[in-house]
Amino acid sequence: MNTEKNRVVIFDTTLRDGEQSPGATMTHEEKLEIAGLLDEMGVDIIEAGFPIASEGDFAAVSEIAKNAKDAVICGLARANFKDIDRCWEAVRNAEKPRIHTFIGTSPLHRAIPNLNKDEMADRIHETVTHARNLCDNVQWSPMDATRTEEDYLCRVVEIAIRAGATTINIPDTVGYTAPVESADLIRMLINRVPGADAVVFATHCHNDLGMATANALAAVEGGARQIECTINGLGERAGNTALEEVVMALKVRGDIMPYTTGVDTTKIMNISRRVASVSGFPVQFNKAIVGKNAFAHESGIHQDGMLKNAETFEIMRPEDVGLSETNIVMGKHSGRAALRAKLNELGFDLHDNQLNDVFVRFKALADRKKEVYDDDLIALMTDEEANADLNQLQVKFLRVICGTEAPQSADLTMVVNGEDRQVTATGDGPVDAAFNAVRQIFPHEARLQLYQVHAVTEGTDAQATVSVRLEEDGRIVTGQSADTDTVVASARAYVSALNRLIVRREKTGPGSDRREISYKDAG
Ligand code: KIV
Ligand code: ZN
């Protein structure tokens with residue numbers, strides 16, 4: 001039964017909470033693209049960023065607001081007038097704007113701005129009133145609600161409602177709660193707080209104990225009608241509730257959870273791949289709904305059952321989440337039109353010039369690798385984006401000498417701001433030698449935080465996707481690349497991360513008028 005009462009609003013915060021995850025930074029264009037995809041797939045509310053955090057955040061939220069078609073566009077603001085004004089400036093051009101303001105209400109969080117309970121209550125009243133005077137759609141969140149004393153939580157929620165908040169979000173900021181508690185907390189607030197029936201209660205869960213999806217669904221049972229979530233569960237630490245998980249759980253288990261969303265689930269795979277690609281956070285193979293193995297039936301018994309009746313082991317169809325039934329293999333005889341059609345199906349919409357470039361790379365790959373699968377094309381596109389020509393650093397030539405005798409050596413030529421530079425470096429293994437060569441050509445202090453290699457498909461001719469995460473002065477960036485040669489992919493991923501670091505330095509370095517503020521700073 002589809003009534004207003006059982007419609008659950010999907011609030012996506014991939015571009016705010018997800019993007020704040022260290023290393024997941026997206027470019028302006030990438031944010032616009034993801035916002036467009038979220039809007040198209042029927043997400044009700046897009047939290048587009050934290051406008052006061054930086055000029056970049058402000059510009060992205062403003063432009064997303066201007067371009068939005070159906071979705072409400074929301075910006076985040078701490079509990080002060082300056083943040084709220086800046087947020088309003090960014091979202092006001094949206095057809096449906098929302099201001100989301102918050103303050104930490106648990107004892108630990110109250111200590112940060114050093115406010116006692118009464119002072120904090122006053123602050124909440126003033127700031128929500130201010131936001132509501134600007135915008136008639138205001139969301140208020142008591143950060144760390146699940147560790148806030150119940151009586152105090154009821155008190156501040158009531159104040160926010162009286163001040164004009166239209167949505168009350170109850171965050172489990174540190175991923176501490178459990179499903180029964182999550183349902184009880186929302187139920188308790190709806191029963192106890194005067195005026196609660198006039199607002200929407202939202203749930204915002206983090207996944208530190210692996211319970212974010214269960215907690216969000218339990219909160220809905222308790223009366224919440226807005227779920228805050230991110231694509232692929234992207235987010236700090238263990239991430240946020242995954243959009244695809246809650247949406248598919250509600251769809252598949254409508255028998256016991258009679259709630260609906262407005263999300264077109266066939267768009268899930270496409271946006272999942274795009275978010276993985278632009279954030280540099282690959283999806284784990286066995287991740288629910290969007291993992292590479294989520295619909296793979298490898299064991300003999302399973303395959304036999306599947307051939308007789310797909311429902312034997314499948315509770316949802318691959319098509320329901322936008323996975324094409326066939327993984328048509330492309331090869332060196334495939335033409336430009338076939339490549340374009342396949343890339344469209346995989347969610348990449350290319351201009352003619354881009355298609356020409358990609359076609360050349362596709363042919364080179366098909367020469368090296370007999371069969372080119374969907375995953376190979378996705379890896380190729382990811383690499384194409386990460387290593388675009390406009391980057392300051394590019395790998396031009398790499399040859400490594402490796403074998404049982406150490407040290408291994410790498411002969412590397414890189415283009416640095418249009419000029420070729422060449423070095424030979426040694427190292428403990430070919431990747432170490434290649435990275436040392438990059439460091440000689442482009443000296444830097446960044447620390448390698450993560451180096452990860454995945455085989456894209458099976459077989460010894462498979463491409464390797466490499467992810468590299470670097471940290472410098474608190475700035476964290478991720479680079480990715482794919483190639484049938486793991487060492488080449490490694491060097492290119494490293495250089496792609498350096499290119500992102502250069503951009504971040506320009507935005508946030510000394511002398512820049514841009515600044516970065518964490519949403520965890522005291523309001
Ligand atoms: O986790 C959290 O508490 C948040 C708030 C800013 C809503 O992300
Ligand atoms: Zn959060």
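Guide: One term to begin with: a polar contact is a pair of N or O atoms within 3.5 Å; within protein, one must be able to donate a hydrogen and the other to accept it, and residues adjacent in sequence count only if both atoms are side-chain atoms. This is a predicted model, in which local features need pLDDT of at least 70 and side-chain atom pairs count only at pLDDT 80 or more, while totals for chains, interfaces and linings use all residues. Residues are numbered from 1 along each chain as its sequence is written, chains are lettered from A and ligands numbered from 1 in the order in which they are written, and side-chain values use heavy atoms, with hydrogens and water left out.

Visitor: OK. How far is a polar side-chain atom of H206 from an oxygen atom of ligand 1?
Guide: The distance is 3.0 Å. R16 has a side-chain N or O atom 2.9 Å from an oxygen atom of ligand 1, and for D17 the corresponding value is 3.1 Å.

Visitor: How much of ligand 1 does the protein bury?
Guide: The protein buries 100% of the 260 Å² that ligand 1 exposes when taken alone. Accessible areas come from the Shrake-Rupley method with a 1.4 Å probe; for residues, only the protein chains shown count as cover.

Visitor: And which residues around ligand 1 come nearest?
Guide: There are twelve residues around ligand 1, and R16, D17, T173, H204 and H206 come nearest. A residue is near a molecule or strand if one of its heavy atoms lies within 4 Å of it.

Visitor: Is H204 buried or exposed?
Guide: H204 is buried, at 4% relative accessible area, and H206 is buried with a value of 4%. Buried means under 20% relative accessible area, exposed over 50%, and partly exposed in between (1.4 Å probe, protein chains only).

Visitor: Changing topic. How many salt bridges does a search of the whole structure find?
Guide: The search finds 33. A salt bridge is a side-chain nitrogen of Lys or Arg within 4 Å of a carboxyl oxygen of Asp or Glu. R16, D17 and E47 are linked in a network of them.

Visitor: Give me one pair. What do the side chains of R274 and E33 meet in?
Guide: They meet in a salt bridge, at 2.7 Å from N to O. R274 is in helix α11 (residues 268-279) and E33 in helix α2 (residues 28-40), so the pair ties together parts 241 residues apart in sequence. Helices (H or I, at least four residues) and strands (E, at least two) are DSSP runs, numbered from the N terminus. R274 is buried at 3% relative accessibility, whereas E33 is partly exposed at 29%.

Visitor: Last one. Which residues of helix α13 are buried?
Guide: In α13 (residues 336-345) they are L339, K342 and L343. They cover an arc of only 95 degrees around the axis, which puts them on the same side of α13. The arc is that of the directions from the helix axis to the C-beta atoms.
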